[in-house]
Amino acid sequence: MKLIVKKKLSFLRVTTISTPIWQAKIFGILFSIMLFTGACSDPSEIGLVLDPDSNQIGVFYEEIPLSSYLVLADSFNTTSQGRVVVGGDQSELFGTTRATAYSRLSFNPNGVPPREEAIFDSAVFTMNVVDLIGEDFDEEKTFSVHRLTEPILDTAYYNFSSLAYEEESTIASGSFVLQPDTANLLRMNVSPEISSDFFEKLKADDPVFDNIFTFRDYFPGIVMTGDPAQNTSLSLAMGSGTGMTLYYHYDGDTVSTGYPINTIQSRHFTGLSNEAQGSAIEGLTERGKEYDVPGNLVGAKAGLGMLLKLDMSPVHDFLDTLENITFNQIMLEVGPVEPYPEFKTPYNSLVMYFATVDNEIYQRFDGREVAVQSESGNQTAFDQNGNVVPTTNNQTGLAFNTEDGIYANQITSYVNALYRSELVRTDLFLYPNTPSTERAPVNSDAFKRSLREFVVNKDNIKLKVYYTKIR
């Protein structure tokens, strides 16, 4: 059992004045004193005597270490998220992760196909890269496109789903020197067999191109892959920028005409595979179960669905010991995180979702997922029957500081609601995504759109509490 570090920061006597004013003034003075005394380990009294005949007020500091666990999320739906992930990486904590993208192809049945006398020029497959993480970008990275051998059905696909494809042959492939932090549009030549087949069928008005359904019966779709050993992964935008274009001309033309067959309005998903043998998560195989990972490191990894769960029971136990107190400031800190390659920066923020005992995100009575709310709003409200319920419309998150490598934010309002109201007490998931608010709603899920990760020492997760107690 980890011990709670407890210090009494000051011991004061004050005259009777209005509560909001004297608390603000005293804490301002105390905070200045703490800047000079915070480095001391001696927990003896420090402070000022304002009036020897008045009530005594103590300002205290608690540092509460939080235990952490890893949970492999269940039911991680990646179907038609607008993004797919291609590539992979290798790490000491998470092992080897491979991301494979699956998609149907589409064309415009009402478009004008090449006429019989059209002359084929070339066929190009493009990948519209919207996010890129990796290392060793002075070296070429290789990606390839394959043909599916079974259809993508009108059903939900998850990050552990996969379909059969022609692994030994490619529709297109290429090696590239990528430019991190810039837009990348990768261009690869389509194989002569596929380009010739499509072009001849288009010219001949083949029934394959009568409509999108006959086309998919003939050509189920594509699979895009990369090499995890190259430690690079792409997040691709699906649509007109990802897919193939057949170029052709007629006698007398000075420029080519393009006929697109791409992923616009096409069902797609990302499948993840993980080889954890020899890594710290080797024994983590059951979804929806929390694991106390051996060693000193824990973390979270997007795409794979690996979440960090904080055991908040020490906080709940601490709150039960308090009487007649006012919270001045409460900070949750995670970090500093372990060193990471320059172009594999962790996510900017972590949403703090409530976790159920079954290791799922806690849902309110109306099905809305519940997270810690911002300091400027309320953590609870009343439903139509007068019951206290959690609010859900103004999430907050732990913000990542790239200079010190620490995720941190103030959660005073949340802990105060745990202490003073009927807010449900749960553990917390740290979920990599942008917090959603009324003014800036977030409809996308960053946790499903890349392989970003962070790793942190278990001892570097703590709650820092400053509170005033009246005696």
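Biologist: Which strands each supply at least two residues of the lining of the largest pocket?

Modeller: β19 (349-355) and β24 (427-432) do; strands here are DSSP runs of E, at least two residues, and helices are runs of H or I, at least four, numbered from the N terminus. Mind that this is a predicted model, where local features need pLDDT of at least 70, side-chain atom pairs count only at pLDDT 80 or more, and totals for chains, interfaces and linings use all residues. Residues are numbered from 1 along each chain as its sequence is written, and side-chain values use heavy atoms, leaving out hydrogens and water.

Biologist: What makes 11 residues of that lining nonpolar?

Modeller: Their type: Ala, Val, Leu, Ile, Met, Phe, Trp, Tyr, Cys and Pro count as nonpolar, Asp, Glu, Lys and Arg as charged, and the others, Gly among them, as polar. The rest of the lining is 14 polar and nine charged.

Biologist: How do you know that the length of α2 fits a helix?

Modeller: The expected span is 1.5 Å times one less than the number of residues. For the 12 residues of α2 (residues 192-203) that gives 16 Å, and the end C-alpha atoms are 16 Å apart, so the two agree. After α2 comes Asp-205, with a positive phi near 55°.
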